[in-house]
Amino acid sequence: MTVDIRSLAKLARLDVTDEEVAKLEAEIPSILDFVETIKNAPTSLSIATPALRNVMRPDENPHESGTYTKELLDAAPAKTGDRIAVKQVISRKK
Amino acid sequence: MDLSKLTIAEARRALDAKEYSALDLTNAHLDAIREKDADIHAYLEVWEESARAEAVAADAMIARGEAKALTGIPLAIKDNMLIHGRKATAASKILEKYVASYDATVITKLKEQGAVFLGRTNMDEFALGSSTENSAYGPTKNPHDTSRVPGGTSGGSTAAVAAGMALGALGSDTGGSLRQPAAFCGVVGFKPTYGEVSRFGLIAAASSLDQIGTVGKTVEDAHTLFDAIRGHDTKDSTSLPNASTPLEAETRRRIGIPRQFLKEGMEPDMLAAFESTVASLEKAGYTIVDVELPALEYSLAVYYIINPAEVSTNLARFDGIRYGLSVPADTIGDTYSKSRAAGFGPETRRRILVGTFVLSSGYADAYYRKAKAVRELIRNDFAKAFESVDAIVMPASPTAPWKIGEKADPVSLYAADIFTVPVNLAGVPAISVPSGTVIRDGKELPVGFQIIAPHRAEDTLFKIGSDIERA
């Protein structure tokens, strides 16, 4: 199997150097070969009834606004006032 | 006090009898760390000052007659559990400067007991590995032979306890990360039932597999630590309701061995050590039978699809925006990809890429969804086997601890997890207890014996584990 490492890395939001791509082009397919045996397992997708399911807590009893703001903001790499600062997300570029 | 042999149980007795103080006990451990840890590198950070302050507070609790099981007991904490105001890095560069903004539930519980926190222990980055070689801060060494690995990913925690640099420790087990390093270091490593201990405040690796557990020199110590941290937590949606009545472990005497599964890849003397422990259990009155778990042969494949899939999802939160390392870039997209490239180590990157692949459109059916279906077969195999036996036993590892750097190829490292990953896929509890030794290069190395029980039958593990200790 060949894997397009660059496009995979792009999907994973991970910069890769040329040197790394060469190494990963050998490693990732060998890992996929390693898990290939699963194809022989006697099961079909339809019989899968997962034992785990998502549970959400009720959205109630909120804490007082601002209680944790400073502490959480202190962890952020860049901030402006009481906000985390990020580069522009939406641009007008054609 | 001889720290290489001292247990939590004995320290509790001596502290309550005022034979020495909690401060003496903590100082003795801090001395041991100063003396030995330069060679072993179990700790990423040692908190001398706060540990002494906690010990003094513990002495006051003892003096007031308010001592609990862990009051004044010096413990080591794996570097993926949050302690408010302390660094928690998961042994990654991406969290090098991260300071926890809250306590993990297990930490809150230990603080209520008046336990002493000695420091945070080394691990494979984000709990991805089997040897603690994947730490961004350098490997931990096996206290029994410092040229060899301590196992992983909780290798810092197990090495600290084995070397007398902590009386007990917390670790986490995603695919064997407590049991295998405990086996390699000659201590007890215990992974509870999935959901039995809250994971609130544990840095997530693979959420359907991760479980916090305990390390001790004895089964009793691992059990004591477990009792202190277990219980339902509204902050962890996967946490189970509190257990009702304990099982009558005394009557549980039937043990199954999946012999078909043990055939491959075992070093002959490791297999012999396993068989000799089985024989001693038989002598102690247990009935040993063969069990079949046919789907177990797919365990490694299932694990190495589900684990990277969940890892790639969980680690998406590290983007250089909210916390952790951030590499300045012109666009937000470049901030993500450059920060992640600079912050994640090689194995973490491999898992993210494999996870992204098996979840990607066009491959998700053949890999991820298929793996989830086969995982149910594995769970069913265990459920069926437990209809006729009270416990299943297996080695904790097919091999003795290997030399640091010996397994450079990722796949050969994955294969070492063969006997531990099925447990996490099924969510059942398991324990590794030291039993026997093997010789490598003239050095005696410990062997771990693994016991697996049905969901929530932890008491069975403690009973059989104690019988092995007595044998």
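Leaving aside its neighbours within four places in sequence, which residues is Asp467(B) in contact with? Here are a few notes, with that one taken up in point 1.

1. Asp467(B) is in contact with Arg253(B) and Tyr286(B), neighbours within four places in sequence left aside; contact here means heavy atoms within 4.5 Å. The side chains of Asp467(B) and Tyr286(B) are joined by a polar contact of 2.5 Å. (A polar contact is a pair of N or O atoms within 3.5 Å; within protein, one must be able to donate a hydrogen and the other to accept it, and residues adjacent in sequence count only if both atoms are side-chain atoms.) Asp467(B) sits in helix H16, residues 458-470, and counts as buried because its relative accessibility is 13%. Buried means under 20% relative accessible area, exposed over 50% and partly exposed in between, with a 1.4 Å probe and protein chains only.

2. A word on the basis: this is a predicted model, where local features need pLDDT of at least 70 and side-chain atom pairs count only at pLDDT 80 or more, while totals for chains, interfaces and linings use all residues. Residues are numbered from 1 along each chain as its sequence is written, chains are lettered from A and ligands numbered from 1 in the order in which they are written, and side-chain values use heavy atoms, with hydrogens and water left out.

3. Chain B as a whole has 16 helices and eleven strands; these are DSSP runs (helices H or I, at least four residues; strands E, at least two), numbered from the N terminus. Of its 471 residues, 63% count as buried. Taken along the principal axes, the C-alpha atoms of chain B fill a box of roughly 65 × 60 × 50 Å. Among contacts between residues at least 6 apart in sequence, 75% join residues at least 24 apart.

4. Helix H7 of chain B covers residues 219-229, and its buried residues include Val219(B), Ala222(B), Leu225(B), Phe226(B) and Ile229(B). An α-helix has 3.6 residues a turn, so residues three or four places apart point the same way. Asp221(B) is also buried in H7. Just after H7(B), Gly231(B) takes a positive phi of about 120°.

5. Please look at Ala329(B) too, in the loop between helices H10 (299-314) and H11 (332-343) of chain B. Ala329(B) has 11% relative accessibility and so counts as buried. Leaving aside neighbours within four places in sequence, Ala329(B) is in contact with Lys87(A), as well as Asp334(B), Thr335(B) and Lys338(B). Ser339(B), ten residues from Ala329(B) in sequence, is 9.1 Å away, C-alpha to C-alpha.
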